[in-house]
Amino acid sequence: PVAPTLRLHQRLLNPRPGKLPLESIQVVLEELRKNGNLEWLDKNKTSFLIMWKRPEEWGKLIYQWVSRNGLTNSVFTLYELASGDDTESEEFHGLDEAMLLRALQALQQEHKAEIITLDDGRGVKFF
């Protein structure tokens with residue numbers, strides 16, 4: 001158990017444990033947005049997505065794997081990239097489909113990949 005004097009000291013230093021003032025939270029969120037790790041999901045800025053890595057960073061990791069394994073000019077389903085046996089040891093393995101698509105869109109803008117429609121869903125061709 002925490003000693004009563006320590007508990008009182010903690011309350012004096014932080015009268016509302018675990019809560020930051022709204023202004024401080026806004027500063028943190030804005031810094032994340034500036035760094036590309038946060039995206040607002042609505043105009044009122046009440047809902048947001050925090051990203052561990054930016055889509056461009058995920059795309060870079062995916063393309064490094066493609067290049068390292070001589071897989072340019074190959075076609076993959078989104079499932080194969082995110083959940084396939086060949087990517088099991090890769091950092092992007094298990095990436096959710098929405099972020100995977102964003103990463104592939106970033107590669108598409110760099111002309112390193114093209115997102116395509118396959119019979120059983122979407123896929124990607126790397127260049």
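Analyst: A residue is buried under 20% relative accessible area, exposed over 50% and partly exposed in between (1.4 Å probe, protein chains only). This is a predicted model, in which local features need pLDDT of at least 70, side-chain atom pairs count only at pLDDT 80 or more, and totals for chains, interfaces and linings use all residues. Residues are numbered from 1 along each chain as its sequence is written, and side-chain values use heavy atoms, with hydrogens and water left out.

User: Why is R54 called partly exposed?

Analyst: R54 has a relative accessible area of 29%, which lies between the 20% and 50% limits, so R54 is partly exposed. E57, at 30%, is partly exposed for the like reason.

User: What makes E57 and R54 a salt bridge?

Analyst: A salt bridge needs a side-chain nitrogen of Lys or Arg within 4 Å of a carboxyl oxygen of Asp or Glu. The closest N and O atoms of E57 and R54 are 3.6 Å apart, so the pair qualifies.

User: How do you know whether L78 is buried or exposed?

Analyst: L78 has 6% relative accessibility, so L78 is buried. L78 lies in helix α4; helices are DSSP runs of H or I with at least four residues, strands are runs of E with at least two, and both are numbered from the N terminus. Leaving aside neighbours within four places in sequence, L78 is in contact (heavy atoms within 4.5 Å) with E97, L100, L101, L104, R122 and G123. L78 and L101 are 23 residues apart in sequence, yet 8.1 Å apart in space, C-alpha to C-alpha.

User: What is in the largest nonpolar core?

Analyst: A nonpolar core is a set of buried Ala, Val, Leu, Ile, Met, Phe, Trp, Tyr and Cys residues joined through side-chain atoms within 4.5 Å. The largest one has 21 residues, and those with the most contacts inside it include L81, L104, V124 and F126. Helices α3, α4 and α5 and strand β5 each supply at least two of its residues, and α5 gives the most, with six. Beyond four places in sequence, L104 is in contact with L78, L81, I115, V124 and F126.

User: What makes β5 a paired strand?

Analyst: Two strands pair if DSSP finds at least two bridges between them. β3 (residues 75-77) and β5 have three bridges, in the antiparallel sense, so they pair. β4 (residues 113-118) and β5 have six and also run antiparallel. F76 stands opposite V124, and E114 opposite K125. β4 and β5 form a hairpin with two residues between them.
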